[in-house]
Amino acid sequence: MTSQSPSPAATASTALLTDHYELTMLQASLRSGAAHRRSVFELFARRLPDGRRYGVVAGTGRFLESLRHFRFEEAELERLRSAKVVDDATVDWLADYRFSGDVWGYAEGEAYFPGSPLLIVESSFAEGVILETLALSIFNHDSAVASAASRMTSAADGRPCIEMGSRRTHEWAAVASARAAYVAGFATTSNLEAGRRYGVPTAGTAAHSFTLLHDDERAAFTSQVESLGKDTTLLVDTYDVTAAVELAVEIAGPELGGVRLDSGDLLVQAKEVRQQLDELGATKTRIVVTSDLDEYAIAALQAAPVDVYGVGTSLVTGSGTPTAGMVYKLVSRADDSGEMIGVAKASKDKTSVGGRKYALRKISPRGLAEAEVIGIGERPFDDGNDRELLVPLVRDGEIVGEEPLEAARERHAASLAELPRKAHQLSRGEPVIPTVYLDDQP
């Protein structure tokens, strides 16, 4: 999160961003008396999306922001009463709801692997269970986008990427997507609300409609350059690319900031346009490419003289994986004597590992990640250069883990640099490091 003032929408109650059955479980557990048992919930992914080498944690800041506003005010309580979602005793309990427990988690921007305990909620069952849907909806979406964005920025190999997918998703998902993409290395977004709410840098120039509005390209280009300056980027594929590039340099001169290609064979066109620009003396004019790019298209364009990539649909839909597949499970609870015991679902295809987890990234003497080591009930042994992964996010109900968005962005870069080189391969494969539970260590 940033310290900027949130928009009015950001201060609204988030309490009904949940599923009906969260509250009926609450009602039944209040009735049985089990609602107040000390409990530990964990959010994790059983597996990475098929073929992916790593995932990226995103949404932590948004979750903390939403937790702050997870309050059942009179409007929310009246809805529960009138719709008869829960009984009066449960409504009365919810009226006083304030999360008072502890939350630990992987810091935002961190790489994660199967089984990584990305969020640990320690509280009563009642306080923790009703956060399930809120946490999952944020982390599943944002981590899916950030994981795709990370693959794209990795494929771009240092060349800037622009997030421009707002028109390809829900209007508020677009804001969250822009934020997640920025965490994973995207340079800017086209979304102005993401700029206002989270401080993500925004950028944009013109679409084909601007060119079509004018009588000809000369009029359109002249208007844009006079309004936005010579450093603007002109869209050159409305009609004839070669003629448009020549006209663009004639109008703006060699100081022209950039030209954008949005159709055709981008590899061939980028080479031809680069040669033409250089021959016209516009050697510093950037070439921006768009048009349904994903990480594979970006990688294929590495041989082309492309300076900037603009990505939309594929990014905001997780490049084929629109959810990270995370789950939120009760892993430990107090028994009748008050002692904490591990609990876990045991179905064949959806197994969980019971017990409160601790996570360590095992680092080699060369500074590369070797394994995700998960301790159950105790911290894994640190041989001196390993890295603990869980950080405090909430302590006794007080949020302590907020940080500037730039910190998450820097952490992502550092976490990615720590992974073995094959993490950057786009070919299908297994997670780049194994997940090792403490009992499995030699």
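1. Let's start where the two domains meet: 12 residues of domain 1 are in contact with 10 residues of domain 2, contact meaning heavy atoms within 4.5 Å. Keep in mind that this is a predicted model, in which local features need pLDDT of at least 70 and side-chain atom pairs count only at pLDDT 80 or more, while totals for chains, interfaces and linings use all residues. Residues are numbered from 1 along each chain as its sequence is written, and side-chain values use heavy atoms, with hydrogens and water left out.

2. As for the bounds, domain 1 covers 8-130 + 325-401 + 427-439 and domain 2 covers 149-317; these come from an automatic or database domain assignment. Their C-alpha centres are 39 Å apart.

3. Between them, domain 1 and domain 2 bury about 900 Å², with 57% of it on carbon and sulfur atoms. Buried area here is the accessible area (1.4 Å probe) that two parts lose on being put together, summed over both. On the domain 1 side, the residues losing the most area to domain 2 are Arg52, Tyr54 and Arg62, together 42% of what that side buries.

4. You will find one salt bridge between domain 1 and domain 2, where a salt bridge is a side-chain nitrogen of Lys or Arg within 4 Å of a carboxyl oxygen of Asp or Glu. Glu108 and Arg179 form a salt bridge whose closest N and O atoms are 2.7 Å apart. Helix H2 (residues 60-68) gives the most to the side of domain 1 that touches domain 2, with three residues; helices (H or I, at least four residues) and strands (E, at least two) are DSSP runs, numbered from the N terminus.

5. Looking at the whole structure, there are 26 salt bridges. In one, Arg37 pairs with Asp336, the closest N and O atoms being 2.9 Å apart. This pair links distant parts of the chain, 299 residues apart: Arg37 sits in the loop between helix H1 (20-32) and S1, Asp336 in the loop between S12 and strand S13 (340-342).

6. Finally, the aromatic pairs: a search of the whole structure finds seven, counting rings of Phe, Tyr and Trp (its six-membered ring) whose centres lie within 6.5 Å, with planes under 30 degrees apart called stacked, over 60 edge-to-face and the rest tilted. Phe41 and Tyr328 are stacked, at 5.2 Å centre to centre and 20° between the planes. Because Phe41 lies in strand S1 (residues 38-45) and Tyr328 in strand S12 (residues 326-334), the pair ties together parts that are 287 residues apart in sequence.
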